[in-house]
Amino acid sequence: SIYSLASPCNIDALIIWASSLAGAVGMDDIAGFVREKADDLPVASIGMAVDGVASVNFDAYSGMASEISHFIGVHGQRKIAFIRGPSTHGSAEERFRAYCDELDKAGIAYDDALVSSPRPWAEGEASIRELVEERGLVPGKDFTALAAASDLLLLGAQGYLVSHGVRIPDDLITGGFNGNEDNLLMSVEPTTV
């Protein structure tokens, strides 16, 4: 209901970080909302292209590809687990696609067991529990690197791992996405893009 407050009565233009809404709402709903606002106001969409609206987009694919390539090329990692973000978030899906493509480029077979189910950004602990408790994977043995679609997802996952005796980076190296201040809350700062 708060979004209805943004109107020509009180603002001259609107910048909408559309991709940030995609963790909870489908892309079609977001595009409809952006177009609806653009009927009354000059609008710019950030992180998601919307037909007929000025857009600024991020290259999440290349960012994640560089992280996975770094894990493989610099650290020699071949058992890389991945924590997915929301399936409704286009950028999260691009990050997952980059993970898959970089494994393929390096001749590493994709293993579905190493990839969490898509989840909201704040559910990193649930994602790592899925890999470790439900699938029985042993960190440092079954996977020696962990990449997450966001630093927030990694924060929850890394907290769980450390509390269960996993030594980062000795047993397992980690990497996230967004390069934000969440990293300061981790006992060991991860690689991030």
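Salt bridges come to 11 in this predicted model, counting a side-chain nitrogen of Lys or Arg within 4 Å of a carboxyl oxygen of Asp or Glu. Residues are numbered from 1 along each chain as its sequence is written. Local features need pLDDT of at least 70 and side-chain atom pairs count only at pLDDT 80 or more, while totals for chains, interfaces and linings use all residues, and side-chain values use heavy atoms, with hydrogens and water left out.

Helix α4 (residues 90-105) holds E94 and R97, 3 residues apart or about one helical turn; helices here are DSSP runs (H or I, at least four residues), numbered from the N terminus. The closest N and O atoms of this pair sit 2.7 Å apart. Both ends are partly exposed, meaning between the cut-offs for buried (under 20% relative accessible area) and exposed (over 50%; 1.4 Å probe, protein chains only): E94 comes in at 29% and R97 at 38%.

Over in helix α5 (residues 124-134), R129 and E125 lie 4 residues apart, about one turn, and their closest N and O atoms are 2.8 Å apart. R129 is partly exposed at 31%, as is E125 at 34%. Salt bridges with shared partners also tie R119, E123, E130 and R135 into one network.

As for disulfides (cysteine sulfur atoms within 2.5 Å), the whole structure has 0. C9 is exposed at 77%, and C100 is partly exposed at 21%.

Key: Helices (H or I, at least four residues) and strands (E, at least two) are DSSP runs, numbered from the N terminus.
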